[in-house]
Amino acid sequence: MVDAYALTLAALLLTSGSHAHAMLDLSLFKVPTFSGGNIAGFAMSAGSFSAFLYLVLYLQDVLRYSPLQTGVRLLLLSGAVSLEPPSSNFYPGG
């Protein structure tokens, strides 16, 4: 499955440069703010989602909570993560 995904992504990237109206505009990656925003978003997501692993390990191994108790305690945190993206579309200046 991973090989099929990698081949499909490679085919998309190779064909995107040759069409006038491509699905993926490769010129966006030349803009520093676009690339910087992607790098910052990836770093923030990687950091926050890896924190879930360590929170689960702490709650279950150190505090001795059951998986259900751990899930209930992390439900609020995961709910906040899922509700944040729609609220970030609000732009007061425009």
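Phenylalanine 49 is partly exposed, as its relative accessible area comes to 46%. This value, like the others here, was computed from a predicted model. The partner of phenylalanine 49 is phenylalanine 52, and the two rings form a stacked aromatic pair, with 6.0 Å from centre to centre and 25° between the planes. The count of aromatic pairs comes to one. Both residues belong to helix 2, which covers residues 32-62, and because they are three residues apart in that helix, about one helical turn separates them. Phenylalanine 52 has a relative accessible area of 18% and is therefore buried, the cut-off for that class being under 20%.

Another ring to look at is that of tyrosine 65. The charged end of arginine 73 sits over this ring, 4.1 Å from its centre. Tyrosine 65 also turns up among the contacts of threonine 70, together with Val56, Leu59 and Gln60, once neighbours within four places in sequence are left aside. Threonine 70 itself lies in helix 3, made up of residues 67-87. With a relative accessibility of 3%, threonine 70 counts as buried.

Leucine 9 is partly exposed, at a relative accessible area of 35%.

Technical notes:
Residues numbered from 1 in each chain as written. Predicted model: local features only at pLDDT ≥ 70, side-chain atom pairs only at ≥ 80, totals over all residues. Heavy atoms only, no water. Helix = DSSP H or I, 4+ residues; strand = E, 2+ residues; numbered from the N terminus. Buried < 20%, exposed > 50% of the residue type's maximum accessible area, 1.4 Å probe, protein only. Contact = heavy atoms within 4.5 Å. Phe/Tyr/Trp six-rings, centres within 6.5 Å; stacked < 30°, edge-to-face > 60°. Lys NZ or Arg CZ within 6 Å of the ring centre and 35° of its normal.
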